[in-house]
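Here are my notes on the model, point by point. Have it open beside you as you go through them.

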Amino acid sequence: MPTRIQKQARQDTMLLNMGPSHPAMHGTIRVMLELDGERIVNSEVEVGYLHRGFEKTCEHRTYFNLLPYTDRLNYVSPLINNLGYVMTLEKLIGVEVPERAQYIRVLMSELSRISDHLTCLAAMAMECGAFTAFLYKMKAREFLWDVIEQTTGARMTTSYIRIGGVRADLHPGFDAVLKKAIDETRLVLKDVHGLLDKNKIFLNRTRDVGVISREDAVAFGWTGPCLRSTGISYDVRKAHPYLVYDQLKWEVPLGDRGDNFDRYLVRMKEMEQSLRIIEQAAFRIPKSSPAFVAAGMSPSQAIKESRLQRVRKAIALSPNLEGSEETRYPDILASDKSFVVPPKEETYTTIEGLINHFKFFMRGHGLRPPKGEVYFAVEGGNGELGFYIVSDGTDRPYRLHLRAPCFHIVSALEQLIRGRYVADVIPTFGSMNMIGGELDR
Amino acid sequence: MEEKTIVERLREEFPAGVRESWTSLGDDVVIIDKGMLLPIATFLRDSPGEFRMLLDLTCVDYPGQEPRFEMVYHFFSLSRNRRLRIKTQISESDLRLASLTALWKNADWLEREVYDLFGVHFDGHPDLRRLFMYDGFEGHPLRKDYPLRRRQPLIRLKE
């Protein structure tokens, strides 16, 4: 119930409600506008329609089990959320991740970043009437999600990045799918630049609309492409390099005016940089030593045989993701049994593997980080995605807090639309990339 | 001459306000006196250290301990590229703390969130209301004594 604006509204103005399910309010957010004609005198943003109690839920889940919940934060780039959570925990425990896994993580998080930016700009363009640009971007996103789907087994709820590494190795046809996705995305970016960059309608609605000054952007705690659109060069990947970002060549695109158009342009340029990163990472990724195992026996057969003797032949795990065989584990997962789920082959066929499996999943056992607290941030699609975890030495986090980048960005919406027209709300809100799952948690 | 770290400067400037400090996994952590929050935050923002950005602000509940709540602030310096964690403790009997809304604009929503989920009151906040929960919600869900599956009474949709 927007109370403040109802109390403060002038007698001669009109209150107009936008959202929580308005076609242009993608995500669930409600904006109450106080209008003098078409001009917004005041506004009140109400959030919380998608509050699921993420932090409370996490306090009641084990460190391993809460990973799927992180998929649902920023549901357009779930892999970056996985990465942020997992790396925070790894910082607390002190885990060495194999180099190949680090490259896979970079690949996956950049693919997610592009899909995040594409979604944001697609929605923003569509709401300004550019439906063609929307369809083009959605097409490119499908190609990217094909790569993600074939690697992780899911399009959005991936849970792919695991403590100590990743869930599965890249599949044999990865390079070809990736190349197709990169080529298609490049084409789409070129088309969209052509469609929108000098488009009068688009420019009128975005140029010098929703302007934020550098000081205000910092005071609001903006990060990510929105902060960079004002000309401040802060990117977590450059400022606090993680994974192998410091070994790759790429630039941080900057805007200048801090308006909607700059936010659009920074995102467009960032996607090009992300493609650069992906190409370099795909080229430099250490090649897996063992060949892809094609022949072998199925898990059920292996279990049968293991009742008679120790199984010595290679086992093919048919229902699992390709590339999650035991032989690949050294390349993609750390080997410490205290925080990594043992390979299924071992669990099915050896008593030690079974014990390890039970030790990992039994209540009160499993992954227990040392007492302490940790903050770690990765560059999410929207900016600094930080996790703050307080551990009391048990198998569940004592407190888990998410620093959601778009929380800070959306909190500036009231200021950005004050004094503007109703039509300006839509591109301004669109360029912020508000993601309900992340904002409301 | 080597430059003084921000923790040393804080100790120098506020000898009574800084209680403890240590480095945890690469981040500086400072525990400060509750009453000194506003001057220390002002100093952090305007001093040469330039912690211009309030990255995050949250609370941790330790029931059974005195003081029960711990506020955690994360500051970031763009020019120095450093993060700083400031913590201060507040007891359940006096759940009041100075608001940082005058210094940082995002403190508005962040403090509303903490007020909503933990019940901490911020003095000087212009519009302290619940942020995620609705008016009429009973209790503060992120407190440890709030059960995970507690039901709330239904509220009327319209008056």
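1. First, contacts: two residues count as touching if their C-beta atoms, placed from the backbone, lie within 7 Å. On that basis, 46% of the contacts in chain B with a separation of 6 or more are between residues 24 or more positions apart.

2. A word on the model itself, which is predicted: local features need pLDDT of at least 70, side-chain atom pairs count only at pLDDT 80 or more, and totals for chains, interfaces and linings use all residues. Residues are numbered from 1 along each chain as its sequence is written, while chains are lettered from A and ligands numbered from 1 in the order in which they are written.

3. Chain B carries 3 helices and 7 strands (DSSP runs numbered from the N terminus: H or I of at least four residues for helices, E of at least two for strands). Reading from the N terminus, the order is α-β-β-α-β-β-β-β-α-β. Its C-alpha atoms fill a box of roughly 65 × 30 × 25 Å along the principal axes.

4. Of the 159 residues in chain B, 36% are buried. Buried means 20 or more other C-beta atoms within 10 Å of the residue's own; 12 or fewer is exposed, and in between is partly exposed.

5. Now where the chains meet: 28 residues of chain B and 32 residues of chain A take part. On the chain B side, β3 (53-61), β4 (69-77) and α3 (107-118) each supply at least two residues, and β3(B) gives the most, with 6 residues. That side divides into 15 nonpolar, 5 polar and 8 charged residues (Ala, Val, Leu, Ile, Met, Phe, Trp, Tyr, Cys and Pro are nonpolar; Asp, Glu, Lys and Arg charged; the others, Gly among them, polar).

6. Leaving out residues up to four places away in sequence, Ala125(A) touches Ala130(A), Ala133(A), Phe134(A) and Leu196(A).

7. Have a look at α6 (residues 131-152) and α7 (residues 174-196) of chain A too: their axes come within 9 Å and cross at roughly 165° (lines fitted to C-alpha atoms over the stretch in contact, with angles from 0 to 180 degrees between N-to-C directions). So α6(A) is roughly antiparallel to α7(A), the word for angles over 145 degrees. Their contact divides into 14 nonpolar, 4 polar and 6 charged residues.

Methods:
Angles under 35 degrees count as roughly parallel, over 145 as roughly antiparallel, 65 to 115 as roughly perpendicular and the rest as oblique.
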